Amino acid sequence: MYKSQIKAQKILCLVALIVAVVLFLYALGIMTDLYDALYSTLSIRLTENKDTGEAGYVAKEKSVPGAMVYFNMQEFDRVFVVYSIVYIVIACFLFITNTSTRRRYYVSNYVAVGLFTAASVYIPIFANPYIELFKAQFLKVDFAALKEYSETFNSKYTESTFWFDAQYIVFGLMILSALLLVACTVWKAMLMKEERALVAEGRKA
């Protein structure tokens, strides 16, 4: 039974790392269509705040109403990418603590599983409302004007919400991998408890 459990925990830790990489790639790619279709339709320039001296970018729509969704999404995507990197580090922590190979778990292993589970729940809760908000903004783009612009300047035209909708697959994989890892950890705890009981009985005998 222990062999089966150890094999399962090894597979699930690897799955956790793969899912973390998938999240990172998703965070990098979520703005792909927006960049290709909308970036060139905006006038973006660097400005400096006279009061604070801080530099920042401002954008203005040139010919496609609604194109500001690309600019509006920038700050969220930066945070989203950072979270995805942290998520990879947390997934790696499963291997650093030998959660994938240990026959017996210690506090560090439970901490690693707990952190991964917490991150797997928190990131979707954080990101979903923003992604839905920006999807709604994207659907308000004047696609007739965008199509005319793309034909004139030979740029990409798309009405696809694929990158917004893909969140449900990515976040679903995150939550599922966390649930399976928790179930495997509970299985491990039960086996350890049974082992301790058998050892105690042997000593009494």
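S100 sits in the loop between helix 4 and helix 5; helices here are DSSP runs of H or I with at least four residues, numbered from the N terminus. With a relative accessibility of 5%, S100 counts as buried, where buried means under 20% relative accessible area, exposed means over 50%, and partly exposed is in between, using a 1.4 Å probe and protein chains only.

Before going further, a word on what you are looking at: this is a predicted model, in which local features need pLDDT of at least 70 and side-chain atom pairs count only at pLDDT 80 or more, while totals for chains, interfaces and linings use all residues. Residues are numbered from 1 along each chain as its sequence is written, and side-chain values use heavy atoms, with hydrogens and water left out.

N98 has a positive phi of about 60° although it is not a glycine, and at 34% relative accessibility N98 counts as partly exposed. Another residue with a positive phi is N154, where the value is near 55°, again in a residue other than glycine. You will find N154 in the loop between helix 6 and helix 7 (162-165), and its relative accessibility of 73% makes N154 exposed.

Now for the interior. In soluble globular proteins, nonpolar side chains tend to be buried together. Here the largest nonpolar core has 48 residues, and those with the most contacts inside it are L38, F80, Y87 and F116. A nonpolar core is a set of buried Ala, Val, Leu, Ile, Met, Phe, Trp, Tyr and Cys residues joined through side-chain atoms within 4.5 Å. At least two residues of this core come from each of helix 1 (2-29), helix 2 (32-38), helix 3 (68-72), helix 4 (74-96), helix 5 (107-138), helix 6 (143-153) and helix 8 (167-204). Helix 5 gives the most, with ten residues.

Leaving aside neighbours within four places in sequence, F116 is in contact with A16, Y87, I90, A91, L94, S177, A178 and L181.

Helix 5 also carries S120, which is buried at 0% relative accessibility. Not counting residues up to four places away in sequence, S120 touches Y87, M174, I175 and A178. S120 and L179 are 59 residues apart in sequence, and their C-alpha atoms are 9.3 Å apart in space. Further along helix 5 is K135.

Taking a pair of cysteine sulfur atoms within 2.5 Å as the rule, the count comes to zero. C13 is buried with a relative accessible area of 0%, and C184 is buried at 5%.

Grid points are joined across faces, edges and corners, and a volume is the space filled by probe spheres set on the points.

The largest pocket holds about 220 Å³ of space, and its lining is made of Y39, I44, Y57, Y70, F71, N72, Q74, E75 and R78. Helix 3 and helix 4 are the elements that give two or more residues to this lining.

The structure holds one cavity of 30 Å³ or more. The largest cavity contains about 40 Å³ of space and is lined by I30, D33, L34, F138, S160, T161, W163 and F164. Two or more of these lining residues come from each of helix 2 and helix 7.

Terms used. Contact means heavy atoms within 4.5 Å. On a 1 Å grid over the protein atoms alone, a cavity is a set of points where a 1.4 Å probe fits but cannot get out, and a pocket is an open set with protein on both sides within 12 Å along at least five of seven lines; lining residues have an atom within 4 Å of a point.
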